[in-house]
Amino acid sequence: MVLKEFTKGEVAKASYAKWTFEHAKAGDLVCLPINLVGSINSNIRTGQDATETFFGLHRYEVLQRPQYARLQIGTVMGDRQTIFPREVGALSKVPYAEPTWLTAGYHSPYYRDHHRAFQKFLRTFVDEVLFPDAQALQEKGKKPGKAVFDALASLNIHAMRLGPGEHLKGRTLMNGTVKPEEFDCFHELIMAQEMSRIHARGYHDGVAGGTAIGLPAIKNFAQSPLREKILEEVMDGKKLVCLAISEAFAGSDVASTRTFAKKSVDGTYYTVTGTKKWITNGHFADYFVTGCRTEKGMIVLLIERGEGVETKHINITYGPASGTAFVTFDQVKVPVENVLGPDNGGGLIVILSNFNHERWAMCCSSVGAQRLIVEECLKWTTQRKVFGKPLNSQAVIRSKLSAMIARVESAHAWLESITYQMCQMSYKQQSALLAGHVKFILES
């Protein structure tokens, strides 16, 4: 659509509710309802320039939403562009919005050219595919569409979220930006942080968050050929997994689990009865990695959705798109071949060792999300005016910002140090030596 160019005199004489202000395409003439520009008492008149009033209340991204973008009716002659949004796939130019290894002039011993290519490709994918879908579905309580899961599978993102290993051999990772033998824990860190940029926490977990924390237990403890079958189904985007450990009666106190698995007389199957709560992706998962109590102690069973398995959606505060569920197992029969790890009460080892990788991934996502918060705060305190000056001219605000930045930078530096250790250690060594470090950074 070709937009008409107006002079400032024509705008001033407008007989209906029009205002001009500079945003992504500075000088756009937009017809906006008064309650979007400001309150009824803001003294905004038709034809008046409401730039300062508008941007004292809103970010320019508001105008990019479909319901407001359609209100653009023209441009204002002589106005120049002053706000330049980040281009798709590009790095932010806001200080501290990116880790130092992505900041011009800085160096890092951890990252190679394939890490940088990997990050650039993934940033573009997140901007073009995940972000718009997340914004559309975050509050609707729907899981990402099949097209998104197919796109994730085509890039082998499901497989890469398991970390480096034999499961990647023969697969083309991120359109060939990294070879399977090159893939390491730093690629996984990059992936977690880039995917946290969608500004939709519930959707973020909805994009196979349950699979990311549940599938490692299958990879590391399931028997063949069950392991190969499940890995292929999930990595190809055909099935989803969730981790079903928490109960209303037992959260972090895993040993207090009440879900009970009774072994049959002939020893061929278990009968599982009990409930699980706050299970991420549980509402639409196909498989449940389930912690159970037996007469001998704890075991972990892989339970397939079917007869006796019922899930009820829990509408949690960070967004219903995560598919968080209350899960009921009513006399569910599970073959003994579906036991993950020891069958003699050693399931606690499976659960706790899996927690280490899960918590590390949470650290990666959290630090990435915290950078977004720092970026948004820096932009807003520069834009928002109080007492006739930008908000960041206030010493107390600068103090708060510096404290935020210090926490993010220190957490990221520690996270990279831990990630380097993970690259040098076996799975068992990570569980034995890094659990405390990961827990501390998660709580820092």
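**Ground rules.** I number residues from 1 along each chain as its sequence is written, and side-chain values use heavy atoms, with hydrogens and water left out. Because the model is predicted, local features need pLDDT of at least 70 and side-chain atom pairs count only at pLDDT 80 or more, while totals for chains, interfaces and linings use all residues.

**His114.** I looked up His114 and found it in helix α5, residues 113-137. Helices (H or I, at least four residues) and strands (E, at least two) are DSSP runs numbered from the N terminus. His114 is buried at a relative accessible area of 18%; buried means under 20%, exposed over 50%, and partly exposed in between, with a 1.4 Å probe and protein chains only. Its side chain makes a polar contact of 3.0 Å with that of His187. A polar contact is a pair of N or O atoms within 3.5 Å; within protein, one must be able to donate a hydrogen and the other to accept it, and residues adjacent in sequence count only if both atoms are side-chain atoms. Setting aside neighbours within four places in sequence, I list Thr177, Val178, Glu182 and His187 in contact with His114 (heavy atoms within 4.5 Å).

**Cavities.** I searched the whole structure and got four cavities of 30 Å³ or more. A cavity here is a set of points on a 1 Å grid over the protein atoms alone where a 1.4 Å probe fits but cannot get out, and lining residues have an atom within 4 Å of a point. Points are joined across faces, edges and corners, and the volume is the space filled by probe spheres set on them. The largest cavity holds about 120 Å³. Its lining has 14 residues, with Glu98, Pro99, Arg123, Gln193 and Glu194 nearest the centre. Helix α8 (185-195) gives the most to this lining, with four residues.

**Cysteines.** I looked for disulfides (cysteine sulfur atoms within 2.5 Å) and found zero. Cys185 is buried at 5% relative accessibility, but its closest cysteine sulfur, in Cys423, is 4.4 Å away, so it is too far for a bond. Cys364 is buried at 0%; the closest cysteine sulfur to its own is in Cys363, at 6.8 Å, again too far for a bond.

**Helix α11.** I noted the buried residues of α11 (226-235) as Leu226, Ile230, Leu231, Glu233, Val234 and Met235. Their cover includes α6, α7, α10, β5, β8 and β9. Just after α11, Gly237 has a positive phi of about 80°.

Key: On a 1 Å grid over the protein atoms alone, a cavity is a set of points where a 1.4 Å probe fits but cannot get out, and a pocket is an open set with protein on both sides within 12 Å along at least five of seven lines; lining residues have an atom within 4 Å of a point.
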